[in-house]
Amino acid sequence: NLHGQVLQLDPPPPDGSKIDLSQNHQLGAAILSGQAAVTNMYYDQLTSRPVTYLVAPLTETDGSASGLALCAAIDLSSGSLSHLINVSGVGKTGYVELVDSNGIVLSSSNSANLLKESDHGGVFAGLIKNQKTAVSTCHNCHLDNATAPPDKEIITFAPLSVAPWGVVVRQSEQEALANTRRLQEQLAI
């Protein structure tokens, strides 16, 4: 309901405990607006697993918001979103990630990044908020495991229109521009 109280849960909690989602502002905004929504990552109160919620507000017969919604939790720890970014063609060094507006990696073709804060989380959050795309270069020097000399990467980002998320594609500059450089060499010869 509007107060974040879960009225019915399927399957019901084994201990009969109640769930309070009142602190999830994205759910409340969706219920009030009457518009379907998808949330950022949250930790489920019963299982402590990372989840994202799909919200479908219920409406009255006249189309106005009823103050109630159907809400489904998707367990992110199970890799259930991995099929959304199952992309080929990013080479040996490339990978794709789905990031929420808090900068958390919800799904990644690089499993080491899954459910962690992205190394560019704040930048991606701003791009999602402003619905902006970006293409940039970066070095992997700020990663925890960066012991080798930094590799220059090309990063592309595009926000989603239906969820407060964005898609990130990263690849080493050397690999991403290999065909272009090969063509330049051929043209020079």
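In which strand is Arg-170 found? Select Arg-170, and you are in strand E8, residues 165–172, where helices (H or I, at least four residues) and strands (E, at least two) are DSSP runs numbered from the N terminus.

Before going on, note that this is a predicted model, in which local features need pLDDT of at least 70 and side-chain atom pairs count only at pLDDT 80 or more, while totals for chains, interfaces and linings use all residues. Residues are numbered from 1 along each chain as its sequence is written, and side-chain values use heavy atoms, with hydrogens and water left out.

**Stop 1: Arg-170**

Arg-170 is buried, with a relative accessible area of 2%; here buried means under 20% relative accessible area, exposed means over 50%, and partly exposed lies in between (1.4 Å probe, protein chains only).

**Stop 2: Asp-100**

Now select Asp-100 in strand E4, residues 95–100, which counts as buried at 0% relative accessibility. Leaving aside its neighbours within four places in sequence, Asp-100 is in contact with Asn-40, Met-41, Leu-106, Ile-128, Pro-164 and Trp-165.

**Stop 3: helix H1**

Move to helix H1, residues 25–33, and colour Leu-27, Ala-30 and Ile-31, which are buried. Seen down the axis of H1, its buried residues fall within an arc of 100°, so they line one face of the helix; the arc is that of the directions from the helix axis to the C-beta atoms. Among the elements that cover these buried residues are strand E1 (37–43), strand E2 (50–59) and strand E3 (65–75). On the other side of H1, His-25 and Leu-32 are exposed. Following H1 comes Gly-34, whose phi is positive, near 80°.

**Stop 4: two loops**

In the loop between E1 and E2, select Ser-48, which has a positive phi of about 65° although it is not a glycine. Ser-48 counts as exposed, at 53% relative accessibility. Then go to Gln-131, in the loop between helix H2 (121–129) and strand E6 (134–139); Gln-131 is not a glycine either, and its phi is positive at about 50°. With a relative accessible area of 43%, Gln-131 is partly exposed.

**Last view: the protein chain**

Finally, show the protein chain as a cartoon, and you can follow 4 helices and 8 strands, which run from the N terminus as α-β-β-β-β-β-α-β-β-β-α-α. Of its 189 residues, 33% count as buried. Among contacts between residues at least 6 apart in sequence, 43% join residues at least 24 apart.

Note on methods:
Contact = heavy atoms within 4.5 Å.
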